[in-house]
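User: I'd like to go through this one and ask where each label comes from. Can we take it piece by piece?

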Amino acid sequence: MRRLRASLVRLAGLGPATRRERELADEIESHLQLHIDDNIRAGMRPEQARRDALLKLGGVEPTKEAYRDRRSVPLLENLWRDTRYAIRQLRKNPGFTGTAVLVLGLGICASAAIFAFVDATLIKPLPYRDPARLVGLFETVQFCPRCPLSYPDYLDWKRLNKVFTAVDAFEGTGFTLRSGAGSEMAGGARVTAAFFRTLGVAPALGRDFRAGEDTPEAPPTVVLSYAAWQKRFAGNAHVLGQTVTLNGDVHTIVGVLPAGFHFAAAGDPEFWAALRTNANSTRHAAAIACTPWRAYGTASPSTPPTRISNSSPANWKSSTPPMLARADRRFLSSNWKWGASAPS
Amino acid sequence: MWYVLLVSNMNDKADVWQGTLALMVLKTIETMGPLHGYGIARRIEQTSGNLLSNYGTLYPALLKLEQEGSIASAWGVSENNRKAKFYKLTRQGRKQLEKEARDWQQATAILARFLSPSGDAV
């Protein structure tokens, strides 16, 4: 308690101290006078008396110095003096100051930007229900260890899957959006019906796709990203049921995704359309080799996440041959010696 | 390395010295009533022999006690009409003096028993 009080008093002693300095000088001068008086009374000559008093004190300046060290915190006092000196110097050289501030500013901005990126990609958890259980599924071949798979392969994998609780797919794409002024390009993705449920993302408004809405027979439906809802529909709550024309097809808006939802793998699209295709669709039969399908699987809840990452390649090895055997028989020329992988 | 040891050793000694000096100051002011720095220095010199080789070392000790709230100071006039800063004991200082004097007496009593030639403590 006493120490704390003393520390506070010493901290308060920082800063300009002309009054305190004068008081210290007065006190030491008074000390010397009292001593000189005594010495003279003891029979010394005045100059001898003063000399003796000074000697006994141990010098005026050393005494003052020891006193000042105790009065405030010397380290902080010096720091304060250095800071003021630095500020004076900076004011004197505006060119140097400007350059230094600019360089420091750029450095800080760059660090902040890099950290923001690292934070978003590595530190913050992904905005899905159970990110540790999500894996990407890829076809592998010697020259392409992580290849997107074709839609018929996806259907086979989904049907033969015994490892994952769900397997869904997305295709990052762009849409030609018809707007009042004409047409423009907008970021988009096509997804299978249960895609958002597999990620564990519930729409902020409306609903996500129902089972069967990803078949060609179903009427075209679309879910908006939160950003698109704000930008193109001004956050209008009555947006559900309105239509947008994407690639010439009129799509009905059925839902809006939450603001925190991101899906960088598809380039954070504005429009999420239901897939509306089947295995026999000519479009996809023709696109086997290059359709950028990527499947997302969720491991079954009974499998702990650590086991998925460790054991899934083995599981896949044992379960892929029949899958690929089927795929190979149908698309023998293009699917030669393909495997499957689920990197953790 | 040796330098560091030396310095820390000196600091330890200085701490002990500061502690004893503070106790002497408190005791002096208690005995003599409000007193200026020069008076305190003379009194300590008279009672302790040559312990206070420089009167100047007293002033940081006085400042420390004042910062801790054990003593208070005010300008006044000395018996021979000189302006001087007088120090007096505060209530907290009185308590501190009692406690530290008691601690000191206990410590010296223990050490005295320990170091006595008869060695009855061992």
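User: Which residues make the contact of helix 2 of chain B with helix 3 of chain B?

Analyst: This is a predicted model, so keep that in mind throughout. From helix 2 of chain B come B:Gly37, B:Ile40 and B:Ala41, and they meet B:Leu58, B:Tyr59 and B:Leu62 of helix 3 of chain B. By type, that contact has five nonpolar residues, one polar and no charged.

User: Why is helix 2 of chain B called roughly perpendicular to helix 3 of chain B?

Analyst: The two pack at an angle of about 115 degrees, their axes 11 Å apart. Roughly perpendicular covers 65 to 115 degrees, so helix 2 of chain B gets that label relative to helix 3 of chain B. As for handedness, helix 2 of chain B passes helix 3 of chain B in a right-handed crossing.

User: And why are helix 4 of chain A and helix 3 of chain B called roughly parallel?

Analyst: Here the angle is about 20 degrees, with the axes 8 Å apart. Angles under 35 degrees count as roughly parallel, therefore helix 4 of chain A is roughly parallel to helix 3 of chain B. This crossing is right-handed too.

User: Which residues meet between helix 4 of chain A and helix 3 of chain B?

Analyst: On the chain A side, A:Thr63, A:Ala66, A:Tyr67, A:Arg70 and A:Arg71 of helix 4; on the chain B side, B:Tyr59, B:Pro60, B:Leu63 and B:Lys64 of helix 3. Sorted by type, the contact has five nonpolar residues, one polar and three charged.

User: What makes up the side of chain B that touches chain A?

Analyst: Overall, 20 residues of chain B are in contact with 22 residues of chain A. Helix 2 (37-48), helix 3 (58-67) and strand 3 (83-89) of chain B each give at least two residues to that side. The largest share, five residues, belongs to helix 3 of chain B. The side of chain B that touches chain A splits into six nonpolar, nine polar and five charged residues.

User: What lies across strand 1 and strand 3 of chain B?

Analyst: Helix 2 (residues 18-41) of chain A does, running at about 100 degrees to strand 3 of chain B.

User: How do you know that strand 1 and strand 2 of chain B are edge strands?

Analyst: The open sheet of chain B has three strands in the order 1-3-2, with antiparallel pairing. Strand 1 (35-36) and strand 2 (71-77) each pair on one side only, and that's what puts them at the edges.

User: What makes strand 2 and strand 3 of chain B a pair?

Analyst: Pairing takes at least two bridges, and strand 2 and strand 3 of chain B have seven, in the antiparallel sense. One example is B:Ser73, whose bridge partner in strand 3 of chain B is B:Tyr87.

User: Now chain A: why is A:Gly136 called partly exposed?

Analyst: A:Gly136 has 15 other C-beta atoms within 10 Å. Buried needs 20 or more and exposed 12 or fewer, so A:Gly136 falls in between and is partly exposed. A:Gly136 sits in strand 1 (residues 134-141) of chain A. Its C-alpha atom is 9.9 Å from that of A:Asp168, 32 residues apart along the chain.

User: How many residues does chain A have, and what share is buried?

Analyst: There are 344 residues in chain A, and buried ones make up 27%. Chain A has eleven helices and eleven strands.

How values were computed
Residues are numbered from 1 along each chain as its sequence is written. Chains are lettered from A and ligands numbered from 1 in the order in which they are written. This is a predicted model: local features need pLDDT of at least 70, side-chain atom pairs count only at pLDDT 80 or more; totals for chains, interfaces and linings use all residues. Two residues are in contact if their C-beta atoms, placed from the backbone, lie within 7 Å. Helices (H or I, at least four residues) and strands (E, at least two) are DSSP runs, numbered from the N terminus. Ala, Val, Leu, Ile, Met, Phe, Trp, Tyr, Cys and Pro count as nonpolar, Asp, Glu, Lys and Arg as charged, and the others, Gly among them, as polar. Axes are lines fitted to C-alpha atoms, for helices over the stretch in contact, and angles run from 0 to 180 degrees between N-to-C directions. Angles under 35 degrees count as roughly parallel, over 145 as roughly antiparallel, 65 to 115 as roughly perpendicular and the rest as oblique. A crossing is left-handed if the near helix is turned anticlockwise from the far one by less than a right angle, and right-handed if clockwise.
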